[in-house]
Amino acid sequence: MKLKSLSIPAVVATLILGASGGAVLTGNNGNGNGNGNGNGGPNGVKAAIYTDGISDYGVERGTDASLYNDWGNGWSEGETPSVLIYSHTPGPRHAHLGDRLDPGLNPPLNESNVAQANLKEWLEAEGVEVSWTEDVGQLSRLGGYNGVIALSANRDAYDDAAQNSLKKFVRGGGGFVGIHNAFGAEYNWPWYEGLLGGANFYDHGPNREGTVETVNRKDVSTENLPREWGYKDEWYNLVPFPSYVNVLAKVDAETSDPGRDSGHPGHGDNHPVSWCHYYDGGKSWLTTLGHDVNTWTDAEFEGSEHFRDHVVNGTLSAIGVKSFCQS
């Protein structure tokens, strides 16, 4: 692990050695943080002690661009950018995904598949070539794509061949975008948890209105967003808690509170909903937002225009068309 510009008092005050032998930063990040894998640390903005990376999950991850492997999977000038939307759901299926898709690549979409169809339309408007599938076998053919978008693909969505293919793709500089219930997948695959920022879904309260706070407006995925905006979602509680990432947006403490007597109490005033980082040579842009069907349609839904801008520009940054994970 590389250290930059460390003051001795800061190191002494905050550096501990985790049980696995990896360096871990501790911090007050709400409830359910830390499991010995580098979790519970601060977000990876420049004010944090570690500005380049940490080695855990068997890989190097962090927020410095030197961690990126420019090995051909990212977009290059003169090429048509290309992504694959993956929405396979062996577990419960979110309404925004609609009916299950037929096997193969680019199967027919019907009026119920609002998230796939509208995300496709949004990205195509930016000149991105979009393919889509729920066929896990298609993940063994990631050559030619610049990004993989896990659109609420949950539970055991990746078989052994798909896991190996996704790893190779990311390590070659490919972009990964995880949206909403991508955080409800592969609980027994540590590499994937790391790809999500060292985080995963634990539970959520009711789908409810709240206030999103844009933490970092220097990134392309947030530069057009207001400092605060109304939105309705489930506000995922996260265990482990994201670490060594650049937090882009969070919700306020009132929104974080699920208003119930049992289950996760929420993360208080430090409840992230979007973040980014470099991981195992690739780029990973992530958001827990996107639950409500209406956020994916043209229906009147508070904050939907901000969500669209956030996701589209986050995707463009992850695949290399725009600058990535700025802070």
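Student: Where does T89 lie?
Tutor: In this model, which is predicted, T89 lies in the loop between β5 (82–86) and α2.

Student: Why does T89 count as buried?
Tutor: The term buried requires under 20% relative accessible area, and T89 has a relative accessibility of 1%, so T89 counts as buried.

Student: What makes the pairing of the T89 side chain with the side chain of R93 a polar contact?
Tutor: The cut-off for such a pair of N or O atoms is within 3.5 Å, and the side chains of T89 and R93 make their polar contact at 2.8 Å. Not counting residues up to four places away in sequence, T89 also touches L97, R100, S152 and N154.

Student: How is the packing of α2 and α6 described?
Tutor: Two packed helices are described by the angle between their axes and the distance between the axes. For helix α2 (residues 114–124) and helix α6 (residues 304–318), the angle is about 65° and the axes are 10 Å apart. The contact is made by L119, W122 and L123 of α2, together with F307, R308, V311, V312 and T315 of α6, and these residues divide into six nonpolar, one polar and one charged.

Student: Which residues have the most contacts inside the largest nonpolar core?
Tutor: They are L119 and W296, in a core of 41 residues. Leaving aside neighbours within four places in sequence, W296 is in contact with residues including L119, W122 and F307. Apart from this core lies another, of 34 residues, among them Y86 and W191.

Methods. Residues are numbered from 1 along each chain as its sequence is written. This is a predicted model: local features need pLDDT of at least 70, side-chain atom pairs count only at pLDDT 80 or more; totals for chains, interfaces and linings use all residues. Side-chain values use heavy atoms; hydrogens and water are left out. Axes are lines fitted to C-alpha atoms, for helices over the stretch in contact, and angles run from 0 to 180 degrees between N-to-C directions. Helices (H or I, at least four residues) and strands (E, at least two) are DSSP runs, numbered from the N terminus. Contact means heavy atoms within 4.5 Å. Ala, Val, Leu, Ile, Met, Phe, Trp, Tyr, Cys and Pro count as nonpolar, Asp, Glu, Lys and Arg as charged, and the others, Gly among them, as polar. A nonpolar core is a set of buried Ala, Val, Leu, Ile, Met, Phe, Trp, Tyr and Cys residues joined through side-chain atoms within 4.5 Å. Buried means under 20% relative accessible area, exposed over 50%, partly exposed in between (1.4 Å probe, protein chains only). A polar contact is a pair of N or O atoms within 3.5 Å; within protein, one must be able to donate a hydrogen and the other to accept it, and residues adjacent in sequence count only if both atoms are side-chain atoms.
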